[in-house]
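Colleague: I should like to learn how to read a model of this kind, one feature at a time. Please give me the general idea in each case, and then the case at hand.

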Amino acid sequence: MRRVGVFRSRYKRDSSGVTVLARTNTGIVAGTVIIAIFAILAIFADVFTTITGNNPYSEHPEILDSNSVPVGQGGISFQHWFGVTPLRGLDIFAIISHGARVSLGIGVASTVISLFLGILIGMIAGYFGGFADTLLSRTMDVFFGFPFLIFAIALSAVVPQNFPRPILLTLVLGFFGWPSIARLVRAQTLSLKSRNFTVASYVMGANTWHILREQIMPNMLPLLLVNVTFLIPGRIGAEAALSFLGVGMNPPSPSWGRAIADAVQWVLVDPWYLLFPGIALFLLTFGFNLVGDGLASALQPRASKKAVTE
C-alpha cells in the first residue's frame with residue numbers, strides 16, 4: 001500500500017505548478033482584490049456603521065427635500081458616503097455593506113451545499129455505474145428541467161414569514177444547484193477511474209473509499225475549484241433576482257436586489273440610489289468571474305501538458 005502514496009505525491013507536485021501559474025495571473029489577482037473588498041465590507045459592516053453613525057434601518061428625513069428626494073447629489077456627504085435613499089432617507093452605504101453580508105453569505109453557503117450534494121451523487125454515479133448511474137442521471141435531468149423560479153416564488157408564499165429568509169434562500173439555491181456539479185463530477189469520475197494510477201491502487205488492494213478519497217477526488221479538485229468560482233456569482237445573482245421580484249429577503253433586511261427594485265422607480269430623479277447597489281452587484285460577480293477565468297487559463301496549459309506526457 002505504500003506505493004499508492006507515490007501516486008498521491010506525484011499529484012501534489014503537479015498541483016503546485018498550477019498554484020505558481022495562478023499567482024502570476026493578473027485576472028486572479030484583480031478578482032481576488034475585488035472579492036476581498038466586499039468580504040471586508042461584509043465582515044466589518046457593523047464597524048462601518050459605528051464609524052459613519054448610520055445603519056441600514058435608520059431614516060434621515062432631514063436630508064430630504066419637500067418632494068422626498070435627497071438634497072444635493074443624492075444626499076452624498078461626509079456622513080453619508082453614498083448618499084441616502086429617496087422617500088425614507090436610508091443610508092445607501094449601510095445598505096450595501098450589510099447587503100454584502102447577505103449576498104456573500106447566501107452565495108457561499110448555498111454553493112457549499114450544492115458542492116457537497118454534487119460531489120456525493122456524481123461520484124456514486126460515475127464510480128459504481130449500472131443502475132445507480134441510470135437512476136441518478138435521470139434525477140439530474142429532472143432537476144435540470146424543473147422550473148426553479150416558479151418553485152421559489154411558490155415556496156416563498158407557502159413558508160411562514162417568520163422563517164429566516166437567509167436560511168430559506170440558502171437551502172433552496174443549494175438544493176437546486178447540485179445537478180451541474182454532479183454531472184461534471186460524474187464525467188470526471190468515469191475518466192479517472194480508468195487511469196493507470198487508479199487501476200494500480202485497485203490492483204494493490206485499495207478499497208473503494210481509499211480510491212475515491214486519495215486518487216479520484218484530488219485529481220478533480222482543480223476543475224471543481226474553477227467551477228465553484230463561477231457558481232458563487234450565479235447564486236448571488238439568483239438571490240438578488242428573487243429579492244428584486246419581492247420573494248427573497250423581506251424588508252427591512254438589507255438586500256441589493258430589493259434596493260435595485262426600489263430604486264427603479266426613482267431613477268429619473270435620483271440615479272445614485274440605483275447606481276451604487278447596481279455597481280456593487282456587478283463588481284462582486286465580476287470579481288468571481290475574473291478569478292474563474294484566471295484559474296481556467298492557468299489550469300489549461302497544465303492539463304494539455306499532462307495529456308501529452310501521458
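Modeller: From the N terminus on, the elements of the chain run α-α-α-α-α-α-α-α-α-α-α-α. The chain thus has 12 helices and 0 strands, where helices (H or I, at least four residues) and strands (E, at least two) are DSSP runs numbered from the N terminus. The model is predicted: local features need pLDDT of at least 70, and side-chain atom pairs count only at pLDDT 80 or more, while totals for chains, interfaces and linings use all residues. Residues are numbered from 1 along each chain as its sequence is written, and side-chain values use heavy atoms, with hydrogens and water left out.

Colleague: What percentage of the residues of the chain count as buried?

Modeller: Burial is read from relative accessible area: buried means under 20%, exposed over 50%, and partly exposed in between (1.4 Å probe, protein chains only). Of the 310 residues of the chain, 46% count as buried. As for contacts, which mean heavy atoms within 4.5 Å, residues 24 or more positions apart account for 75% of those with a separation of 6 or more.

Colleague: How many Å should the 15 residues of helix H5 span?

Modeller: The expected span of a helix is 1.5 Å times one less than its number of residues. For H5, residues 130-144, this gives 21 Å, and the end C-alpha atoms are 21 Å apart, which agrees.

Colleague: Which residues of H5 are buried?

Modeller: An α-helix has 3.6 residues a turn, so residues three or four places apart point the same way. In H5 the buried residues are Asp133, Leu136, Ser137, Met140 and Phe143. Seen down the axis of H5, these buried residues fall within an arc of 120°, so they line one face of the helix; the arc is that of the directions from the helix axis to the C-beta atoms. Phe131 and Val142 are exposed on the other side of H5.

Colleague: Against which helices do the buried residues of H5 pack?

Modeller: Their packing partners are helix H4 (92-128), helix H7 (165-175) and helix H8 (178-192).

Colleague: Which residue meets aspartate 133 in a salt bridge?

Modeller: A salt bridge is a side-chain nitrogen of Lys or Arg within 4 Å of a carboxyl oxygen of Asp or Glu. The side chain of aspartate 133 meets that of arginine 186 at 2.6 Å, N to O. This pair links distant parts of the chain, with aspartate 133 in helix H5 and arginine 186 in helix H8, 53 residues apart. Aspartate 133 counts as buried at 13% relative accessibility, whereas arginine 186 is partly exposed at 24%.

Colleague: How many salt bridges does the structure hold?

Modeller: The structure holds 6 salt bridges. Among them is the pair of arginine 88 and glutamate 59, at 3.0 Å from N to O. These two residues link distant parts of the chain: both lie in the loop between helix H3 (45-52) and H4, 29 residues apart. Arginine 88 has a relative accessible area of 37% and is partly exposed; glutamate 59 is also partly exposed, at 44%. Another salt bridge joins arginine 213 and glutamate 214 at 2.8 Å, N to O. In that pair, arginine 213 is partly exposed at 36% relative accessibility, while glutamate 214 is buried at 11%. Salt bridges that share partners also join Arg138, Asp141 and Arg183 into one network.

Colleague: Where is threonine 229 found, and which residues is it in contact with beyond its neighbours within four places in sequence?

Modeller: Threonine 229 is found in helix H10, residues 208-244. Its relative accessibility is 8%, and threonine 229 therefore counts as buried. Leaving aside neighbours within four places in sequence, threonine 229 is in contact with Phe288, Asn289, Val291, Gly292 and Leu295.

Colleague: Is leucine 168 buried or exposed?

Modeller: Leucine 168, which has its place in helix H7, is buried, with a relative accessible area of 9%. Beyond its neighbours within four places in sequence, leucine 168 is in contact with Leu155, Val159 and Phe163. Leucine 168 and leucine 155 are 13 residues apart in sequence and 9.2 Å apart in space, C-alpha to C-alpha.
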